[in-house]
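Subject: Structure handover

Hello,

Here is the structure we talked about. Please open it first, then read my notes below.

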Amino acid sequence: MDVKEYLQKIEEAKELQTVHVEINPRLELAALCRREFAKEGGGQALLFNRVLGSAFPVVANLFGSEQRISLLLHSASLKQFSNQVTTLLQQKKGTTAERLDFPRKTFTVTDSELIVAPDLTLTDLPAIQSWPGEGGRYLNLAVALTEHMQTGQRNLGLYRAQIVGTDLIALNFSANSGAAEHFAVAAKEHRSLPISLIIGSDPALIWVAAAPLPDNCDEFAFHDALFDQKLQLTPGLTQPLQVPANAEIVIEGEIIADQTVNEGPFGNHTGQYVTRTDCPLMQVTAIRYRPGAVLSTTVVGPPPSENVNLGKANEILLREMLKIDFPQISHLKMPLLTIFHGVALLSVKPQSAGKNKELLYALWENSALRRSPLLVLFDEHVNLDSLSYGWWRAVNCLKNQRIYNNNGKIGIDATGVNPSSLVEEDQDTRDLLRRRKDEYNQC
């Protein structure tokens with residue numbers, strides 16, 4: 001599936017609205033997207049046909065509803081997607097890292113519709129500015145592809161990319177990212193790191209790039225295994241990286257060694273502007289695009305925001321991974337307002353307080369929750385889908401000896417409530433009310 005096929009699917013599902021009037025990519029486009037997502041059910045995806053200053057259309061709010069994120073994930077529903085993840089993980093034995101050990105895969109290399117326009121620059125692309133205090137325009141859904149210079153291991157990442165010149169991008173990958181690891185290897189040899197930014201292709205790659213996958217997992221191979229797809233790659237024009245042949249736009253370049261740039265301010269999910277003074281700098285060497293290319297984007301900022309639905313998909317994968325490596329965990333929920341902070345509520349099977357403490361520190365030591373600032377453990381009978389109930393239960397179970405601080409990260413063990421001690425109506429009274437329901441209505 002490529003972007004055009006995905007747009008056709010969501011249009012058939014009445015989940016796409018085309019905006020024909022000219023829209024400014026600075027502030028106006030993002031403001032319209034925020035208002036659309038705020039509608040019941042997440043509104044519709046928006047296709048902007050006329051974007052001021054650019055010949056390329058823009059599509060946004062791609063995963064703002066459960067139906068759209070499900071279709072993006074090649075599924076009819078998130079429940080079906082969950083079943084796909086479970087099935088994939090059950091095909092092998094061992095730890096999560098062993099089950100998701102998808103080595104670099106050899107793909108069919110094919111010709112592509114991608115064309116190059118020598119006069120096209122970054123400033124011709126309809127990158128957006130979402131908030132008035134931001135320092136420029138951003139490509140918010142550009143999937144970054146890099147390779148380890150020694151092992152050839154590929155990595156996909158989703159990083160904010162600020163256009164800082166006609167051929168320069170401030171690419172904000174964190175110190176813990178795959179791109180940072182690859183860049184460190186190149187920098188030791190005083191070499192630049194080849195990189196390609198992929199906009200478009202199968203929209204599911206957006207989620208794959210953001211998913212909490214182990215380092216040994218080749219994301220292209222994982223994509224094909226999970227979605228039963230066969231990606232076709234095409235050679236790079238100026239960089240030794242193969243990119244999806246069905247990409248809408250490909251920006252090739254190099255991360256320059258020993259050179260950084262000021263990035264931001266950028267309005268992120270914390271609701272505050274953030275900056276970075278030592279941001280890696282990408283020198284663009286080529287821009288290619290398909291005829292009729294559409295640029296995909298998302299509006300980042302304080303909730304509510306459509307990209308929390310990517311977090312929902314992450315939650316599904318993370319839950320199934322944790323249940324393999326930590327079988328005492330029964331369920332996991334990440335509250336939407338804190339989903340990108342890594343806050344996790346976990347229900348666990350009955351065990352001692354000492355074992356629960358060991359579990360919390362093990363999660364911080366070696367799991368995808370290792371940077372989570374808040375972990376809360378609950379008994380299995382607690383409904384984690386009700387955040388207010390979970391909060392009430394946690395507050396009622398607060399005990400100093402069950403609150404753990406790990407270098408500023410907090411763990412709370414709110415387990416230990418005997419279900420038989422809970423205050424509940426008895427079944428006889430419930431049956432009585434059900435039998436006399438019609439009588440009450442006559443009063």
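Start with the lining of the largest cavity. His269, Gly301, Pro303, Ser305, Asn307, Val308, Leu336, Leu337, Thr338, Ile339, Phe340 and His341 line the space. By class, that lining has 6 nonpolar and 6 polar residues, with no charged ones. The cavity holds about 70 Å³ of space. How many cavities of 30 Å³ or more are there? The count comes to 1. Keep in mind throughout that this is a predicted model.

Next, helix H4, residues 78-89. Two of its contacts are worth a look.

H4 and H8

Helix H8 covers residues 219-227. The axes of H4 and H8 come within 9 Å and cross at roughly 115°. That angle makes H4 roughly perpendicular to H8. The crossing is right-handed. On the H4 side, the contact is made by Phe81, Gln84, Val85 and Leu88. On the H8 side, Phe222, Ala225, Leu226 and Phe227 take part. Which classes do these residues fall into? The contact of H4 with H8 has 7 nonpolar residues, 1 polar residue and no charged residues.

H4 and H9

Helix H9 runs over residues 308-325. Its axis and that of H4 come within 10 Å and cross at roughly 35°. This crossing is right-handed. From H4, the residues in contact are Leu78, Phe81, Ser82, Val85, Thr86 and Leu89. They meet Lys312, Ala313, Ile316, Leu317, Arg319, Glu320, Met321 and Ile324 in H9. The contact of H4 with H9 divides into 9 nonpolar, 2 polar and 3 charged residues. Phe81 and Val85 of H4 take part in the contact with H8, and Phe81 and Val85 also meet H9.

Backbone points

Most residues other than glycine have a negative phi, and most peptide bonds are trans. Two places here are worth checking against that.

Is the peptide bond from glycine 264 to proline 265 cis or trans? The bond is cis, with omega near -5°. Proline 265 sits in strand E14, which spans residues 247-267.

The other place is lysine 14. This residue is not a glycine, yet its phi is positive, at about 60°. Where is lysine 14 found? Lysine 14 lies in the loop between helix H1 (3-12) and strand E1 (16-19).

Best wishes

Definitions and conventions:
Residues numbered from 1 in each chain as written. Predicted model: local features only at pLDDT ≥ 70, side-chain atom pairs only at ≥ 80, totals over all residues. Heavy atoms only, no water. Axes fitted to C-alpha atoms, helices over the stretch in contact; angles between N-to-C directions. Helix = DSSP H or I, 4+ residues; strand = E, 2+ residues; numbered from the N terminus. Parallel < 35°, antiparallel > 145°, perpendicular 65-115°, else oblique. Left-handed = near helix turned anticlockwise from the far one by under 90°. Contact = heavy atoms within 4.5 Å. Nonpolar A, V, L, I, M, F, W, Y, C, P; charged D, E, K, R; others polar. 1 Å grid on protein atoms, 1.4 Å probe; cavity = no way out; pocket = protein on both sides within 12 Å on 5 of 7 lines; lining within 4 Å. Points joined across faces, edges and corners; volume = space filled by probe spheres on them.
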